[in-house]
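Subject: Structure handover, salt bridges

Hello,

Here is the structure we discussed. Please look it over before reading my notes below.

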Amino acid sequence: MKPAQLGSLNSRLPPVEEDLAARMDRLFERCPQLYGFTVLDRSLVPGGARVASLERGLFVAGIGIYPELPPDHCERIYDEISVVAVSLKKKRPEAREVLRGRTFARAFH
């Protein structure tokens, strides 16, 4: 779907969801190798899973990147995800509940 089509789909979302959708659209535009990720609460993270802490008990897991990139480039993508999530939570504290347990993907099939 093109961003204009997504905008019409998002027109009926609550303001926090609309803000989140716009931020995710921009994130996937800035990071073309990013295919998806999940935001989990600490209680939902399986033991031994590789995750990266966002803030106060939220973690990013299952980051999908293709093609494979050098570790420093992957770290920059993680930083982009973190900036989006943390800035949304600071602007809209209710976003914590909206982010928790969500999977974000470039496309669903």
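Asp19 and Arg23 sit four residues apart in helix α2, separated by about one helical turn. Helices here are DSSP runs of H or I with at least four residues; strands are E runs of at least two; both are numbered from the N terminus. The two side chains meet in a salt bridge, 2.8 Å from N to O. That term means a side-chain nitrogen of Lys or Arg within 4 Å of a carboxyl oxygen of Asp or Glu.

The model is predicted: local features need pLDDT of at least 70, side-chain atom pairs count only at pLDDT 80 or more, and totals for chains, interfaces and linings use all residues. Residues are numbered from 1 along each chain as its sequence is written, and side-chain values use heavy atoms, with hydrogens and water left out.

Both partners are buried: Asp19 has a relative accessible area of 12%, and Arg23 has 13%. (Buried is under 20%, exposed over 50%, partly exposed in between; 1.4 Å probe, protein chains only.)

Asp19 also forms a salt bridge with Arg92, closest N and O atoms 2.9 Å apart. Arg92 lies in the loop between α3 (71–91) and α4 (95–99), so this pair ties together parts 73 residues apart in sequence. Arg92 is buried too, at 19%. Shared partners join Asp19, Arg23, Lys91, Arg92 and Glu94 into one network.

Another pair is Arg102 with Glu17, at 3.2 Å. Arg102 is in strand β4 (residues 102–105) and Glu17 in helix α2 (residues 15–30), so the link spans 85 residues of sequence. Arg102 is partly exposed, at 27%.

The count of salt bridges comes to eight.

Best wishes
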